[in-house]
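I opened my notebook for this one and went through the model entry by entry. Here is what I looked up, in the order I looked.

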Amino acid sequence: MELSEPVQSGLQRLADPGCFSPRAYAALLQAAFRSLLGGQADQAALDHPDLEHIEPAVLKYCHAAAATCIVEAGKNRAERSVISTCLEDCKFDRERIEEFCTEYQKNKDSLEILLGSVGRCPLHIMDVSWRLEYQIKTNQLHKNYHPAYLMTLNVESSDSRSHPDLNFSCSMEQLQDLVGKLKDAAKSLERTTQL
């Protein structure tokens, strides 16, 4: 199980008893699982009395690191020994590793179901529609005269779930850049299929 440098750094802070007491560690760990499995917003998950004394930026950083580690473990269907080794590398002590692994085992099935529900196939663009919008004034009464293209990508997926169309607005330069990149991708694909 490989974790990026920022995630490892966040886990090392989480492992520090000076930064996270045992109760704060347990609260953050449970909040990370709750936010992943319960769909609860990060801030609501972190509103726990044991976490009030920790600086909000550090709290969110460590929460993101713990959630990333949980997702990576679930994605790789990591065994307890692999998780333990990874956490040992991040300076976790035996008790914290045991608590993490116990919480992971308790939520493993739900996590695998959640990760399995994420689509595996990229969306397929079926059609593109667009219209030109020309903004003359803003709500601050400043004259603008900026054209913008309102784009709609009609998509289809091989999954059974339906996907809403993708809508975005872009300037002439951004649209030209998008068209150029699509042409480059088409040429690259053409070259690959000719090999």
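**Ground rules**

I took helices as DSSP runs of H or I with at least four residues, and strands as runs of E with at least two, numbered from the N terminus. This is a predicted model, so I kept to its limits: local features need pLDDT of at least 70, side-chain atom pairs count only at pLDDT 80 or more, and totals for chains, interfaces and linings use all residues. Residues are numbered from 1 along each chain as its sequence is written, and side-chain values use heavy atoms, with hydrogens and water left out.

**Entry 1: Ser35**

I started with Ser35, which sits in helix α2 (residues 22-37). I call a residue buried under 20% relative accessible area, exposed over 50%, and partly exposed in between (1.4 Å probe, protein chains only). Ser35 has 12% relative accessibility, so I wrote it down as buried. Next I checked its side chain for a polar contact, meaning a pair of N or O atoms within 3.5 Å; within protein, one must be able to donate a hydrogen and the other to accept it, and residues adjacent in sequence count only if both atoms are side-chain atoms. I found one of 3.1 Å between the side chains of Ser35 and His63.

**Entry 2: α2 against α4**

Ser35 and His63 turned up again when I looked at how α2 meets α4. Two packed helices are described by the angle between their axes and the distance between the axes. My axes are lines fitted to C-alpha atoms, for helices over the stretch in contact, with angles running from 0 to 180 degrees between N-to-C directions. For α2 and α4 I noted an angle of about 60° and axes 9 Å apart. I sort angles this way: under 35 degrees is roughly parallel, over 145 roughly antiparallel, 65 to 115 roughly perpendicular, and the rest oblique. The α2 and α4 pair is therefore oblique. A crossing is left-handed if the near helix is turned anticlockwise from the far one by less than a right angle, and right-handed if clockwise; α2 and α4 cross right-handed. With contact meaning heavy atoms within 4.5 Å, I listed residues on the α2 side including Leu28, Phe33 and Leu36, and on the α4 side including Leu59, Ala66 and Ile70.

**Entry 3: two further helix pairs**

I then turned to helix α1 (residues 5-15) and α4, whose axes come within 8 Å and cross at roughly 115°. That makes α1 and α4 roughly perpendicular to each other, and their crossing is left-handed. Among the residues that meet there are Pro6, Gly10 and Leu14 of α1, and Val58, Tyr61 and Cys69 of α4.

For α2 and helix α6 (residues 94-116), I have axes that come within 10 Å and cross at roughly 10°. I therefore filed α2 and α6 as roughly parallel. The contact includes Tyr25, Leu29 and Phe33 of α2, together with Phe100, Tyr104 and Leu111 of α6.

**Entry 4: salt bridges**

How many salt bridges are there? Counting a side-chain nitrogen of Lys or Arg within 4 Å of a carboxyl oxygen of Asp or Glu, I got 6.

- Arg23 and Asp50 pair at 3.3 Å, N to O. Arg23 is in α2 and Asp50 in the loop between α3 (42-45) and α4 (56-75), so the pair ties together parts 27 residues apart in sequence. Arg23 is exposed at 59%, whereas Asp50 is buried at 19%.
- Glu72 and Lys75 pair at 3.1 Å, N to O. They are 3 residues apart in α4, or about one helical turn. Glu72 is buried at 18%, and Lys75 is exposed at 52%.
- Lys181 and Asp177 pair at 3.5 Å, N to O. They are 4 residues apart in helix α7 (residues 172-194), again about one helical turn. Lys181 is exposed at 52%, and Asp177 is partly exposed at 43%.

**Entry 5: α5**

My last stop was helix α5 (residues 80-89), which holds Cys86. Cys86 is buried, at 9%. Its C-alpha atom is 8.1 Å from that of Glu2, 84 residues away along the chain. Not counting residues up to four places away in sequence, Cys86 touches Met1 and Leu3.

Ser84 is also in α5 and is buried, at 11%. With neighbours within four places left aside, I found Ser84 in contact with Ile97 and Cys101.
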